[in-house]
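Subject: Structure handover

Hi,

Here is the structure I promised to pass on. My notes follow below it.

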Amino acid sequence: MKTEQLHNKFMRMAIAMSEKNVLESLGGPFGAVVVKDGKVIAKSGNKVTTTNDPTAHAEVSAIRMACKKLQNFDLQGCVIYTSCEPCPMCLSAIYWARIDTIYYANTKADAAAIGFDDQFIYEEIEKPMHLRKVPVNQLLRNEASQAFKLWDGSVMKVSY
């Protein structure tokens with residue numbers, strides 16, 4: 001199968017997950033598929049409302065499943081196909097997982113048009129902390145620094 005055909009095949013899987021979610025009342029209209037070496041490692045729809053977990057977006061859920069299956073937090077060599085351009089949280093998760101490439105179908109503008117507007121998050125990130133909508137306050141930095149010192153000197157440390 002040609003590369004373009006494979007990409008289309010996996011994207012159609014992500015789109016099918018998004019449609020299934022809506023039709024079966026499983027969650028929001030989003031789906032994601034993680035692929036490695038041309039094989040599906042994990043796929044998931046959005047599970048926010050069914051699990052009462054605001055972080056259970058399709059991409060994050062698929063990443064969690066892929067990491068569990070591969071028994072590794074590093075998904076280098078993997079590609080993610082998502083039915084919509086990733087939100088800031090999902091994009092961060094994709095970067096933290098070190099996924100090689102992102103393919104998406106709907107845009108963030110398409111999502112905003114049906115009520116999934118993340119623009120305010122992009123804007124909040126750019127603001128100084130004291131101007132953000134949710135108050136941000138630092139406490140007990142000196143006490144918390146002990147964990148960092150322990151980590152920095154640990155021989156069991158695994159970089160990620």
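Start with Ile80. Leaving out residues up to four places away in sequence, Ile80 touches Ala32, Val33, Val34, Glu59, Ile63, Ile94, Ile99, Thr101, Ile102 and Tyr103. Please keep in mind that this is a predicted model.

**Nonpolar cores**

Ile80 belongs to the largest nonpolar core, which has 22 residues. Val34, Ile63, Ala66, Leu75, Ile80 and Ile99 are the members that touch the most others. Five elements each supply at least two residues of this core: the strands β1 (31-36), β2 (39-45) and β3 (78-84), and the helices α3 (58-70) and α4 (88-97). Which of them gives the most? It is α3, with six residues.

**Cysteines**

How many disulfides are there? The count is zero. As a reminder, a disulfide is a covalent bond that links the sulfur atoms of two cysteines. The cut-off used here is a sulfur pair within 2.5 Å.

Take Cys78. The closest cysteine sulfur to its own is in Cys67, 8.1 Å away, so the two are too far apart for a bond. Cys78 is also buried, at 0% relative accessibility.

**Glu124**

Now to helix α6 (residues 119-126), where Glu124 is found. Is Glu124 buried or exposed? With a relative accessible area of 15%, Glu124 counts as buried, because the cut-off is under 20%.

Setting aside neighbours within four places in sequence, Glu124 is in contact with Arg132, Lys133 and Val134. Val134 is ten residues from Glu124 in sequence. In space, the two are 9.2 Å apart, C-alpha to C-alpha.

**In short**

The largest nonpolar core has 22 residues, Ile80 among them. The disulfide count is zero.

Best wishes

Note on methods: Residues numbered from 1 in each chain as written. Predicted model: local features only at pLDDT ≥ 70, side-chain atom pairs only at ≥ 80, totals over all residues. Heavy atoms only, no water. Helix = DSSP H or I, 4+ residues; strand = E, 2+ residues; numbered from the N terminus. Buried < 20%, exposed > 50% of the residue type's maximum accessible area, 1.4 Å probe, protein only. Contact = heavy atoms within 4.5 Å. Core = buried A, V, L, I, M, F, W, Y, C linked by side-chain atoms within 4.5 Å.
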